[in-house]
Amino acid sequence: MKRSIDGVFEGARQHWVGDGFHVSNFFPSATDTEKRMSPFFLLDYHRPEAYSPTTKRRGVGTHPHRGFETVTVAFQGAVAHHDSAGNGGVIRPGEVQWMTAGAGILHNEYHEAEWAKKGGVMQMMQLWVNLPRAHKRAAPAYQALTRADIAEKALPGGKGTVRVVSGAFEDAKGPASSFSPVHMLDLRLEPGATVRLPTPAGFNTALLVLAGSVKANGSGEVPEGKCVLFKNDGDEVVVESPGRSSVMFLSGAPIEEPLVHYGPFLMNSIDEINEAVEDFNAGRFGRLDD
Ligand code: MN
């Protein structure tokens, strides 16, 4: 049964993350509660935007996270990352970085230096995926998912592809390992495509249009930069693409636990937030030079 639509919304007014990422926040700011899209806590989307060539380092310097995972997806441009667990890399178009902050990590995120020298269009998104209480203190980890890693399923009749980052679509399974069930699908659709996405009724579900426009479960045309939030009253989403389009589909099992957010920390209680602040101030998140 098709889910009904809870709302179609734009993100909040764009803001700068450091001096490199001009993003619009979709959730939690555009949803009624911080848990409406649980396990997804945050979605920041960087619309396609051109940066002029520079040798200056643009981005966000070393900062901490605890209690969740950051998932960064590059559509255009290149993002360089380093963290205090000793991991680092460059996220290029079509690639995904799935970082478990867990017990605590320091990291920094910059435009990749060679890309920045030439300049170009940046388009990316970052999700914060909450961790269940039992895994809040998981060891920091890092999954660099390349284009070859991400399962790709062709739609019949050359109508496009579904790239499975996490979870499953038909017989394709995503490579990302997560601590609670998460379906994350990157759809590239051709004119006339119709794709049926089954998803358990209890999962919080939304899609973000990245290019072109789509209709979903009988909506009007939803253009690039808008998000469709679905009610949990059905078990499928049907996406129709009148022209070429690109869509990120997100669906996950809610984490039914207390949630306290403070800056870069997502914990279950205020005491745990205070502990995170103390641990960070005492240097217990490790060490990372900018
Ligand atoms: Mn960060």
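Guide: We shall discuss the metal site and then the sheets.

Visitor: What should I know before starting?
Guide: This is a predicted model, in which local features need pLDDT of at least 70 and side-chain atom pairs count only at pLDDT 80 or more, while totals for chains, interfaces and linings use all residues. Residues are numbered from 1 along each chain as its sequence is written, and side-chain values use heavy atoms, with hydrogens and water left out.

Visitor: Which residues coordinate the manganese ion?
Guide: The manganese ion is held by H63 (NE2), H65 (NE2), H107 (NE2) and E109 (OE), at 2.1 to 2.7 Å. Donors are N, O and S atoms within 2.8 Å of the metal (3.2 Å for Na, K and Ca); water is not among the atoms, so sites may look incomplete.

Visitor: How are those donor residues spaced in sequence?
Guide: The spacing is H-x1-H-x41-H-x1-E. Distant parts of the chain are linked here: H63 lies in strand β5 (residues 59–65) and H107 in strand β10 (residues 105–111), 44 residues apart. Strands (E, at least two residues) are DSSP runs, numbered from the N terminus.

Visitor: Are H63 and H107 buried or exposed?
Guide: Both H63 and H107 are buried, meaning under 20% relative accessible area with a 1.4 Å probe, protein chains only. Five of the seven residues of β5 are buried, so this strand is largely enclosed by the rest of the structure.

Visitor: And how do β5 and β10 pair?
Guide: They pair in the antiparallel sense over five bridges; two strands count as paired if DSSP finds at least two bridges between them. H63 stands opposite H107 in β10.

Visitor: Turning to the sheets, what is the order of the seven strands in the open sheet?
Guide: The order is β2-β3-β4-β11-β6-β9-β12, with antiparallel pairing. At its edges, β2 (15–17) and β12 (141–145) each pair on one side only.

Visitor: How many bridges join β6 to β11 there?
Guide: Eight bridges join β6 (residues 68–76) to β11 (residues 120–130), and the two strands run antiparallel. Within this pairing, V73 has M125 in β11 as its bridge partner.

Visitor: What about the sheet of four strands?
Guide: That open sheet has the order β18-β23-β20-β21, again with antiparallel pairing. The strands β18 (193–198) and β21 (222–223) stand at the edges with a single partner strand each, so one side of each is left without a neighbour in the sheet. Two bridges join β20 (residues 213–216) to β23 (residues 236–241), and K215 stands opposite E240 in β23.

Technical notes:
Buried < 20%, exposed > 50% of the residue type's maximum accessible area, 1.4 Å probe, protein only.
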